[in-house]
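Good morning, and thank you for your attention.

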Amino acid sequence: ARGVRVVNAPGHLRYFASKSSLVSVDPEFRPAMVVTNELQQIMEFVNNSPADCVAKPLFGSRGENVIRIGKSTRDIASRLETTFGNSTLVVQQFVEAEHPGDKRVVV
């Protein structure tokens with residue numbers, strides 16, 4: 001209406017504000033993951049993963065409230081409940097990095 005070119009539609013920006021949008025990305029280009037608030041589903045994913053996993057909230061950034069869990073992690077259920085309550089989580093296989101930090105870029 002004001003002559004400003006809109007590149008990213010507001011609906012798409014809202015969709016990609018959540019990490020759950022990553023399930024729409026081809027699995028070849030993202031870590032294996034599950035989005036759920038079901039503890040049993042999280043436990044199955046972690047136990048079937050060939051590496052450690054990270055659990056994180058749908059919204060947030062800069063590694064806040066991200067925890068690393070694996071088959072040998074003691075009392076995973078309690079750690080998840082203490083950190084996240086019954087929130088829906090993104091649980092992904094942990095990816096080793098050659099440098100600290102990570103970036104989530106979706107084109």
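By a polar contact I shall mean a pair of N or O atoms within 3.5 Å, where one atom must be able to donate a hydrogen and the other to accept it. Please keep in mind that the model is predicted.

I begin with the loop between H2 and S2, where serine 49 is found. The side chain of serine 49 reaches the backbone oxygen of alanine 51 at 2.7 Å. A second polar contact, of 3.5 Å, links the serine 49 side chain to that of glutamine 93. Is serine 49 buried or exposed? Serine 49 has a relative accessible area of 2%, and it counts as buried because the cut-off is under 20%. Leaving aside residues up to four places away in sequence, serine 49 touches Lys71 and Gln93.

I turn now to helix H3, residues 76-84. Which residues of H3 are buried? They are Ile76, Leu80 and Phe84. These residues lie on the same side of H3, because they cover an arc of only 30° around the axis. In general, an α-helix has 3.6 residues a turn, so residues three or four places apart point the same way. On the other side of H3, Glu81 and Thr82 are exposed.

What do the buried residues of H3 pack against? Their partners are helix H2 (39-48) and the strands S2 (53-57), S3 (67-69) and S4 (89-93). Finally, glycine 85 follows H3, and its phi is positive, near 65°.

Technical notes: Residues are numbered from 1 along each chain as its sequence is written. This is a predicted model: local features need pLDDT of at least 70, side-chain atom pairs count only at pLDDT 80 or more; totals for chains, interfaces and linings use all residues. Side-chain values use heavy atoms; hydrogens and water are left out. Buried means under 20% relative accessible area, exposed over 50%, partly exposed in between (1.4 Å probe, protein chains only). Helices (H or I, at least four residues) and strands (E, at least two) are DSSP runs, numbered from the N terminus. The arc is that of the directions from the helix axis to the C-beta atoms. Contact means heavy atoms within 4.5 Å.
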